[in-house]
Amino acid sequence: MIKKYKILQFGFGRYGEQIARNLALEGHQVFIADSSKEALKSASKEGFEDLFVVDLENDAQLTDLVLDYGFDYIFCAYDDEEKNIYLTITFKALFRNLKIIAICESKETERKLKLAGAHYVIDTMVAAANRLYYILEKPAVAEAIDKILFKDRSIIFEEIEIPKNSFLDGVNLKDTAFSKKYRVIVIGLVDKELGNKFIFVTRGINHKIDAGDILVVIGKKEDVYRFKKLLGVVV
Amino acid sequence: MRIAQYIVDFAFLLDNSLRYQRIKRFFRNLLENDDYPYKRYFDYFMIFLILSSVVIIIEEVKTPIAKWLYFYDVYFVTAVFIIEYLLRLWVYNDVHKIIITEYEESLFLEREFDIKKVCKEILKKKLEYIFSPLALIDLLAILPSYREFRILRIFVLFRVFKLLRYSQNITHFFQVLAAKKLELSTLLVLVAFTILVSGISIYVFEERTNPNITTLYDAFYWALVTISTVGYGDIAPTTHEGRAITMIIILVGVGLISFSTSIIVSAFSEKLTEIRENRIIHSARKLESYYIICGFTNMARLLAKRLKREGVDFLIIDYDIEAVNKALSLGYLAICEDATQSEAFKQINFNNVKAVMVLTNSDMHNIYICLNVRSFSKECFIISRAVDYNSHKKLKLAGANYIISPYVTAGFFAAKVINEPIAIEAINDILIARKNALCEQVEVIRGSFLDGIKIKDVNFDKFKLILLGIVRINADAPTEELRRKFYFNPDEQEELRVGDILIVMGYSISIAHFKSQVVESSLHYDKKI
């Protein structure tokens, strides 16, 4: 099913705490590194066991850490944006291919992090500010998004890659009533024929689904699971 | 005794008459309330009258004017001015309230109702108005109509002064000068003193030798012309002593002029921010509904951008002048005030405020601001940002209705991004409304084609929309949070009811089309009935 990764998270501040908790909830193995012992103490209180005291400027120590454990992802989650940029650059210099995710609070830092080579950058303020907008102007939408994204753990969204020779391979998107048949809502897909861009289904273009395309679906946990089983993604 | 009784009865009658109150309120708004929408038209009308009458009087100096213009000026304009003057006198205060207060007081103290005292009180109040500067100008502006007295024509100037009433800009100018009253009066005394000394001395030295200086009046005239560095040269000193005095007062004059210039300039620069803020608050008050954002932080910036794009009005309050300038340069309404102080909200009418967003970076400030806003309005919806998780409870206590924490949202997105980067990106697109993909709420209106039909019969595909779910309002629920319930991907057989809110996803055009269809179909229903 969902792949579990080994993740090294730097920083256990206000963001770090929330991120680590959510990562653990997803089932990932979270390792936490911080230069402050205070932060690590609160991390251990939260139940995290793999903790490292690190010196951000000690390259040898960071190299050893990654080599010893073989992390899949590095998460730069310091509250301080500058530290995140610094860490991203450091790791890019040490390991070219390591995947790095970083958080930031402004467009300016996002640009810098991308330049530094971060794999994915999360602008925390954008998400919060736009949510605020929905709460103000469209409370029902806010409620729905909240429910789908945060509150109701039984509703999940997932991206599903279409396997070869499955029953959807070669089928037109419009011809399948996903909602009626499988009780999942398809919001869009990445059509490999049209490039690597995500396209919303509501665009109105009828796509031919091929193996390798990625569908993004929302649904109840069990419905999504059943759907994936039918497709042969999971056994 | 009898008359007193009648007066009191009449006062009570007025006090109880809704119609009287309404009429009086209307005139009060029209004359005095800057926020009253029709006052502007009244002002324009008065400005027109003033300007036309001034033009007529100027024209009359050289050529005889047409008869109808004469009648217009003498009767119509003057009549309007007189009516306006009387109305202002009337709405200045409530006479019947004075009578009632005095009557109730006399009942309470068990003494005789003193009609003389009441009259004195009323007269005092009305005289207070009559002798206020603007009222004097109004009165004098009526006078030029009596053309028999040529001298009265000078009062046409007062008609120009009357413009003060109808133009905020000019009023601001006088406010600025009034703020520097002390400095300006010092300057005036200094000028008067210098003129006195130099005028007397030139008179003493040159009265006999200089044919141009024959009276003390000439001397003072010369002193003022010289001291102001105007120097016409019609009167010039001829003696050595006179020239010495001239040299001295020219030097003093240069000093005085630079002094007065600096006073006025500094007064303006000091008052400028205040005036600008007044204007912004003024324009905010004209909005029918708007949001207030406290703290122009990063998050506020993003929210403001979104609100601006959606065409929603808002006012930003920040205590950092640089942040305010930044907001102003982006074209937002912003004022520099400390939102933790009650001063900041004194001028704001909370009936028009849809919600207050408290978005500073400090929990302590946020809590203060929440409390502060609550002290002004009990009902106003407050959303506050929480930095520390522990502050949630405190903010709720301080009166925040909703608490938003960027950390929680960030935590969620961060966790999902590893396995579902595309899905997260898609959700983000919807949230930010990038790429035109939107999530929108559509209410089921009575009589619209949605009312009472099953979900499977709404052809969402045709509208190019996806139905994510419906929000159903349960009015019986005990708390606000339980009242709205979201049903994700409801069953096809589910029937839509009036008041349900459909959560649909799609492109902005599709959504707009769908919404207009819903509204249109409900209109037909209304007609049928």
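Here is a conversation about reading a predicted model with chains A and B.

Trainee: Where should I begin with chain A, and how many helices and strands are there?

Mentor: Chain A has 9 helices and 10 strands. Of its 235 residues, 43% count as buried.

Trainee: How many residues from each chain take part in the contact between them?

Mentor: Chain B gives 57 residues and chain A gives 64 residues. On the side of chain B that touches chain A, the largest share comes from helix α17 (residues 406-417), with 11 residues. That side of chain B divides into 40 nonpolar, 9 polar and 8 charged residues.

Trainee: What about the inside? Which residues touch the most other members of the largest nonpolar core?

Mentor: Start with the general idea: in soluble globular proteins, nonpolar side chains tend to be buried together. Here, the largest nonpolar core has 153 residues, and those touching the most other members are Val217(A), Ile293(B), Leu303(B), Ile316(B), Met357(B) and Ile503(B). Helix α6 (residues 124-137) of chain A supplies the largest share of this core, 10 residues. The core also draws at least three residues from each of domain 1 (6-149) and domain 2 (155-231) of chain A.

Trainee: If I click on Val217(A), which residues is it in contact with, leaving aside neighbours within four places in sequence?

Mentor: Among them are Phe157(A), Ile160(A), Val184(A), Ile185(A) and Phe227(A). Glu158(A) is also in contact with Val217(A). Then find a second, separate core of 12 residues, which includes Phe205(B), Trp222(B), Ile227(B) and Ile245(B).

Trainee: Where does Thr229(B) lie, and is it buried or exposed?

Mentor: Thr229(B) sits in the loop between α11 (216-227) and α12 (240-286) of chain B. It counts as exposed because it has 12 C-beta neighbours inside 10 Å, and the cut-off for exposed is 12 or fewer.

Trainee: And Asn489(B): where does it lie, and why does it count as it does, buried or exposed?

Mentor: Look in the loop between β9 (484-488) and β10 (501-507) of chain B for Asn489(B). Asn489(B) has 21 C-beta neighbours inside 10 Å, so it counts as buried; that label needs 20 or more.

Technical notes
Residues are numbered from 1 along each chain as its sequence is written. Chains are lettered from A and ligands numbered from 1 in the order in which they are written. This is a predicted model: local features need pLDDT of at least 70, side-chain atom pairs count only at pLDDT 80 or more; totals for chains, interfaces and linings use all residues. Two residues are in contact if their C-beta atoms, placed from the backbone, lie within 7 Å. Helices (H or I, at least four residues) and strands (E, at least two) are DSSP runs, numbered from the N terminus. Ala, Val, Leu, Ile, Met, Phe, Trp, Tyr, Cys and Pro count as nonpolar, Asp, Glu, Lys and Arg as charged, and the others, Gly among them, as polar. A nonpolar core is a set of buried Ala, Val, Leu, Ile, Met, Phe, Trp, Tyr and Cys residues joined through C-beta atoms within 7 Å. Domain bounds come from an automatic or database domain assignment.
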